[in-house]
Amino acid sequence: MQDLWAKILAGELSRSGTYSLKALKVFRDLSIVDAKLLAKACSLAVKDQTKKSIRLISGSYQQPGLLNFFNKERQQYINLSQFGLNHADLLSLADNHLIFLQESESSMMANNDSINFSYNGLPLKLTSKKANISLQFYKFTAIGTELGNLIADKVNEEYFSHLKQQLSAHFIIANNKGN
């Protein structure tokens with residue numbers, strides 16, 4: 001908490017208005033437990049290239065069709081609770097206006113379409129292997145993104161391996177540490 005307050009104060013001193021009043025109010029009201037929960041969520045989240053959007057990937061799926069309707073790999077899930085972020089934690093983050101509780105999804109991707117993310121400082125490129133693939137995720141709110149960008153990158157190797165394994169059914173995954 002002290003590190004986050006120091007970053008906020010340094011940002012405000014260097015340029016007034018760096019952080020929104022809403023973000024400062026939410027952060028002021030966060031308990032230490034909630035701040036640790038935000039840090040846990042950030043350790044499992046991916047950012048887009050502009051760092052304006054942070055997401056917790058919860059799975060991927062291929063739109064049902066005649067040839068894949070009974071395919072068991074059509075739907076892939078990422079079990080976030082396996083890595084310390086259960087549904088009650090997601091509810092708490094939503095209550096603090098840090099994430100949207102409603103799960104979202106990307107638009108349907110064509111074959112060989114790519115999405116570029118950063119996972120705690122590591123580049124992560126997802127290229128669809130098939131047509132009609134969608135990525136499912138929980139999206140951070142604007143306040144959650146503001147505060148999430150203050151938290152230092154902390155890679156969870158076990159989670160990152162699991163994420164790549166689960167998404168490999170639908171995506172070719174490229175990052176600096178190999179595939």
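Which residue caps the N-terminal end of α6? In this predicted model, the cap is Asn 156, with a side-chain oxygen 3.3 Å from the backbone nitrogen of Glu 158. Such a polar contact is a pair of N or O atoms within 3.5 Å; within protein, one must be able to donate a hydrogen and the other to accept it, and residues adjacent in sequence count only if both atoms are side-chain atoms.

Residues are numbered from 1 along each chain as its sequence is written. Local features need pLDDT of at least 70 and side-chain atom pairs count only at pLDDT 80 or more, whereas totals for chains, interfaces and linings use all residues; side-chain values use heavy atoms, with hydrogens and water left out.

**Overall composition**

The protein chain contains 6 helices and 8 strands, where helices (H or I, at least four residues) and strands (E, at least two) are DSSP runs numbered from the N terminus. Their order from the N terminus is α-α-α-β-β-β-α-β-β-β-β-α-α-β. Of the 179 residues, 47% are buried, that is, under 20% relative accessible area, with exposed meaning over 50% and partly exposed in between (1.4 Å probe, protein chains only). Among contacts (heavy atoms within 4.5 Å) between residues at least 6 apart in sequence, 73% join residues at least 24 apart.

Confidence is expressed as pLDDT, the predictor's score for each residue from 0 to 100. The chain average is 84, and 81% of the residues score at least 70.

| Helix | Residues | Mean pLDDT |
|---|---|---|
| α1 (lowest) | 2-14 | 61 |
| α4 (highest) | 87-95 | 95 |

**Nonpolar core**

A nonpolar core is a set of buried Ala, Val, Leu, Ile, Met, Phe, Trp, Tyr and Cys residues joined through side-chain atoms within 4.5 Å. The largest one has 44 residues, and Leu 56, Leu 85 and Phe 140 have the most contacts inside it. Helix α3 (residues 32-44) supplies the largest share of this core, 5 residues. Beyond residues up to four places away in sequence, Leu 56 touches several residues, including Ala 41, Leu 80, Leu 85, Phe 137 and Phe 140.

**Helix α6**

Helix α6 spans residues 157-167, and its buried residues include Tyr 159, Phe 160, Leu 163 and Gln 166. Gln 166 counts as buried because its relative accessibility is 17%. A polar atom of the Gln 166 side chain lies 3.0 Å from the backbone oxygen of Tyr 77. Leaving aside neighbours within four places in sequence, Gln 166 is in contact with Gln 76, Tyr 77 and Ile 78.
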